[in-house]
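The following report describes selected packing and contact features of the structure shown below.

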Amino acid sequence: MKHLIFDTHHLLHRTFFTIAEEMDAETMSAMGLHKALVSMNKFYKQFMPDNVVCVFDNYSWRKEYTASDKCLSIKKYKGNRRKDLSERQVIQFQIFDEHIQYFKSILKEKTGILVLERERLEADDIIAGFVMSKPEDTHIVLTGDNDFLQLLKYDNVTIYDPIQDKAKTLEEYDFDADYFMFQKCFRGDAGDNVMSSYPRIRSDKIKKAYTDDYTFENALQHTFDVEYFNESGELCKKTFKTMDVFNENLLLMDLNSQPEDIKQLISETVSQTKRSRYNMIEFMKFCNSMGLKNISESLTNFTGLLVGKK
């Protein structure tokens, strides 16, 4: 089978935040839904899959972990998100969050698209689990998130960027998904607030460490100090060993290295979630209630997408 898998949070963020900010909440939500459905249908027709899957984020186990005493890092996972927002931005994100929940409920209840979500799991976890559970199938993942490049280790996976409208590659990582992850474990991820395990390490040293065990072992023994402000506003300093942070980064970022209880949740979510059946009349009512006139009037054009599975 050919599966078309949408990283839905990324898709909705892309379509929602290109809308004019001065619009009222109802109009923003309606236009966001319209743009998302049109985009999904475009890629459905481009790839003509046998199965359509939409995956949603939930509160992440990584946030739990980095807030616990088990975590070595001084950084909280994605703790840099939505900070120092203006009043207008706060309102806009509230609308966006409601927009996501509503869109998810519509897909689950009124279409045949397989909707995957589970408390404590991010879309990354579920998508990776879905791909690994079906090794004989073809998987096309729609996302602009480079974290998914690690899935290119599997020959049956394509990561397609809906913004660039082209497939992503590992060209800058020597077409090696393991090297991509190796670099990330040294560099960390500023976007997700994951710290570097070896600050300011040179690229040539990372490359040598990847192919030379002696260089790698030496790098892992490196120590470094980080100054930071604690929750009380006091300036503190902590010493880290590269090996410890590298291994923790692997846990946080490698989509095959989650804790065993999380792997079990992923497996249950992928294997046990059932899809609904597409109800054209109910979906048309939804379109009319949201003012999605253009979609309602051309609903047959969306049938393949909304049925979800051939």
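## Helix packing

Helix 8 (residues 213–220) packs against helix 9 at an angle of about 100°, and their axes lie 7 Å apart. Helix 8 is therefore roughly perpendicular to helix 9, a class that spans 65 to 115 degrees. On the helix 8 side the residues are Phe216, Ala219 and Leu220, which meet Thr242, Met243 and Phe246 of helix 9. Contact means heavy atoms within 4.5 Å. Axes are lines fitted to C-alpha atoms, for helices over the stretch in contact, with angles from 0 to 180 degrees between N-to-C directions.

The model is predicted: local features require pLDDT of at least 70, side-chain atom pairs count only at pLDDT 80 or more, and totals for chains, interfaces and linings use all residues. Residues are numbered from 1 along each chain as its sequence is written, and side-chain values use heavy atoms, with hydrogens and water left out.

Six strands form an open sheet with mixed pairing, in the order 3-2-1-4-5-6. Strand 3 (114–116) and strand 6 (166–167) are at the edges with a single partner strand each, so one side of each has no neighbour in the sheet. Helices (H or I, at least four residues) and strands (E, at least two) are DSSP runs numbered from the N terminus, and two strands pair if DSSP finds at least two bridges between them. Strand 2 (residues 51–55) pairs with strand 3 in the parallel sense over three bridges; Cys54 has Val115 in strand 3 as its bridge partner.

Helix 5 (residues 123–133) lies across strand 1, strand 2, strand 3, strand 4 (138–142) and strand 5 (157–161), at about 175° to strand 1.

Thr242 belongs to helix 9 (residues 242–253), and Asp161 to strand 5. Buried means under 20% relative accessible area, computed with a 1.4 Å probe on protein chains only.

| Residue | Relative accessibility | Class |
|---|---|---|
| Thr242 | 0% | buried |
| Asp161 | 7% | buried |

The Thr242 side chain reaches the backbone oxygen of Ser197 at 2.7 Å. Beyond neighbours within four places in sequence, Thr242 is in contact with residues including Phe186, Tyr198 and His222.

Methods: Buried means under 20% relative accessible area, exposed over 50%, partly exposed in between (1.4 Å probe, protein chains only). A polar contact is a pair of N or O atoms within 3.5 Å; within protein, one must be able to donate a hydrogen and the other to accept it, and residues adjacent in sequence count only if both atoms are side-chain atoms. Angles under 35 degrees count as roughly parallel, over 145 as roughly antiparallel, 65 to 115 as roughly perpendicular and the rest as oblique.
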